[in-house]
Amino acid sequence: MKLIQNYSQYPEMFDEMFDKKGITRDIYKNFEKFLNKSSVKNLNNMKEFAQQFFMNQGVTFTVYDNDEGVEKIFPFDIIPRIISYSDWKIIESGIKQRITALNLFIKDIYHEQFILNDNIIPAELIISNPNYLREMRNINVPNDIYTHISGIDLIRNEEGKFFVLEDNLRTPSGVSYMLENREITRRLYPEMIPQEKVQPISDYPNLLYNKLKSLSNKKNPVVVMLTPGLYNSAYYEHTALARLMGVELVEGSDLVVDNHYVFMKTAGGLKTVDVIYRRIDDDFLDPLNFKVDSVLGVAGIMDSFRQGNVILINCPGAGIADDKAIYTHVPDMISYYLNEEPILENIKTYKLTNKDEKEYVLKNIDKLVLKRTDGSGGYGMLMGKSATQDEIDKYKLKIKKEPEMYIAQPTLNLSTSPCLIENSLHPRCVDLRPFAIYGSDGIEVCPGGLSRVALKKGSLVVNSSQGGGSKDTWIVKN
């Protein structure tokens, strides 16, 4: 079929569907047969059906421009990304190892600080870090779990090996898009999904609910999801996930603290709340402890948390472990706490607080990607190879002024996956965000995750706020 015959790979990048000789990889053989039997018209009809489905479901995200929110349909590509079960088992075990070490690190940092005393991580990296909350010092949390929900971003290099790009341990987003992607592909490929033994993900909301319940000593604890409200960029996700979990979606004004207990306002009066899956950043969580002018959180909720009367998911202060400067030390944490070698490696990262590394970065900035340590969503980055000289010069000044606020990494050759664009298949760069849940009975990783795709030709930026989209991720057992 011309759709496949005319496919042109990016040089020096790993293509998920085809090897370097253009031969279809084994895990895509059956999908190739489907494509060969399909007309472009049929595929475009499927694409239109998917867009209409997302529109009807209200699957949106909000892009903020000049402080005005614009709601958009989440872009979706109908060609699934397929990963072998053997590759998935490596990913799964690597994520479990990483989250275990990160949790031990967070507990240590807020208690004995052995890792600092043993000079494994520089103390100044913690003390000066805005994500380090002194309010969390010596607070014991249920089961010593700080990061109950994690999203670990992975990329694949030119040899097809997976690496960790970053850790999302505060309020990781995207899981509802993962679920909606699967819902639509079940309709687009009703026969192929069972034939390929694609690992199911539909039980994620129930799994999450049970994991959160397991953290409480009560037999039937009350779980709620706390949202910043309608104007948050991920509000669709908050509403969808709360509905799928069967829990109340609440805003700060719906909750009240009395005598160190948290209550939810209901038509029948106040109802005790035991577990709060909060989608509000630390700074806005409690005006009595953090930002005094916050109207999103609940006054006194941190005192209730300290008393052990309410469980906050994820724990405040967990962001200390997903800071981009701390990221460089995660392999050291794995060795220190677990006495193991990392199963999933980090990407080579330059610390700009190191004089030699900073000098190298400044000399080779046109070959590197620069990121703020507190940045997210692809903002605050400099893509050296595509930046203008003026942009580079301005960024150099920022680095010289605050070197501790930046890291640098080589320009990455992300793997590519075929996408249906303008009646043809074209390679586009992808990453992968698997979601892991940590409960009293251990860590479970949902088989697959959100594959984000850079829909702009040649782009490495997969974030939806900057022109990215997503596709369904199939873990196949064949």
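Helix 7 (residues 175–188) packs against helix 10 at an angle of about 70°, and their axes are 8 Å apart. That makes helix 7 roughly perpendicular to helix 10, since angles from 65 to 115 degrees count that way. Bear in mind that this is a predicted model.

**Helix 7 against helix 10**

- The crossing of helix 7 past helix 10 is left-handed.
- On the helix 7 side, the contact is made by Val-175, Ser-176, Tyr-177, Leu-179 and Glu-180.
- Helix 10 answers with Tyr-236, Glu-237, Ala-240, Leu-241, Arg-243 and Leu-244.

**Helix 7 against helix 3**

- Helix 7 also packs with helix 3 (residues 40–57), this time at an angle of about 140° and with the axes 11 Å apart.
- Helix 3 and helix 7 are therefore oblique to each other; to be called roughly antiparallel, the angle would have to be over 145 degrees.
- Here the crossing is right-handed.
- From helix 3, the residues involved are Met-46, Phe-49, Ala-50, Phe-53, Phe-54 and Gln-57.
- They meet Glu-180, Asn-181, Glu-183, Ile-184, Arg-187 and Leu-188 of helix 7.
- Glu-180 is worth a look on screen: it is listed in the contact with helix 10 and also in the one with helix 3.

**Arg-182, a charged residue to check**

- Arg-182 sits in helix 7.
- Buried or exposed? Arg-182 counts as buried, because its relative accessibility is 6% and the cut-off for buried is under 20%.
- Leaving aside residues up to four places away in sequence, Arg-182 touches Ile-193, Val-198, Gln-199, Pro-200 and Ile-201, along with Asp-472, Thr-473 and Trp-474.

- Four strands make an open sheet in the order 7-6-11-12, and the pairing is parallel.
- Strand 7 (248–250) and strand 12 (311–313) are the edges, each pairing on one side only.
- Going from one strand to the next, the twist averages 30°.
- Helix 10 (residues 235–245), the partner of helix 7 above, packs on this sheet too.
- Which strands does helix 10 touch? They are strand 6 (223–226), strand 7 and strand 11.
- The direction of helix 10 makes about 150° with that of strand 7.
- At one end of the strand order, strand 11 (residues 275–278) pairs with strand 12 in the parallel sense, over three bridges.
- To find that pairing, look for Val-275, which stands opposite Ile-311 in strand 12.

- Strand 9 (residues 261–266) and strand 10 (residues 269–272) pair in the antiparallel sense, with four bridges between them.
- Thr-266 of strand 9 stands opposite Gly-269 in strand 10.

- Glu-340 lies in the loop between helix 13 (330–338) and strand 13 (345–346).
- Its relative accessible area is 37%, so Glu-340 is partly exposed.
- Not counting residues up to four places away in sequence, Glu-340 touches Gln-97, Ile-334 and Ser-335.
- Gln-97 is 243 residues from Glu-340 along the chain, yet their C-alpha atoms are separated by 8.9 Å.
- The side chains of Glu-340 and Gln-97 are joined by a polar contact of 2.9 Å.

Notes:
Residues numbered from 1 in each chain as written. Predicted model: local features only at pLDDT ≥ 70, side-chain atom pairs only at ≥ 80, totals over all residues. Heavy atoms only, no water. Pairing = 2+ DSSP bridges. Helix = DSSP H or I, 4+ residues; strand = E, 2+ residues; numbered from the N terminus. Axes fitted to C-alpha atoms, helices over the stretch in contact; angles between N-to-C directions. Contact = heavy atoms within 4.5 Å. Buried < 20%, exposed > 50% of the residue type's maximum accessible area, 1.4 Å probe, protein only. Polar contact = N/O pair within 3.5 Å; in protein donor to acceptor, adjacent residues only side chain to side chain. Parallel < 35°, antiparallel > 145°, perpendicular 65-115°, else oblique. Left-handed = near helix turned anticlockwise from the far one by under 90°.
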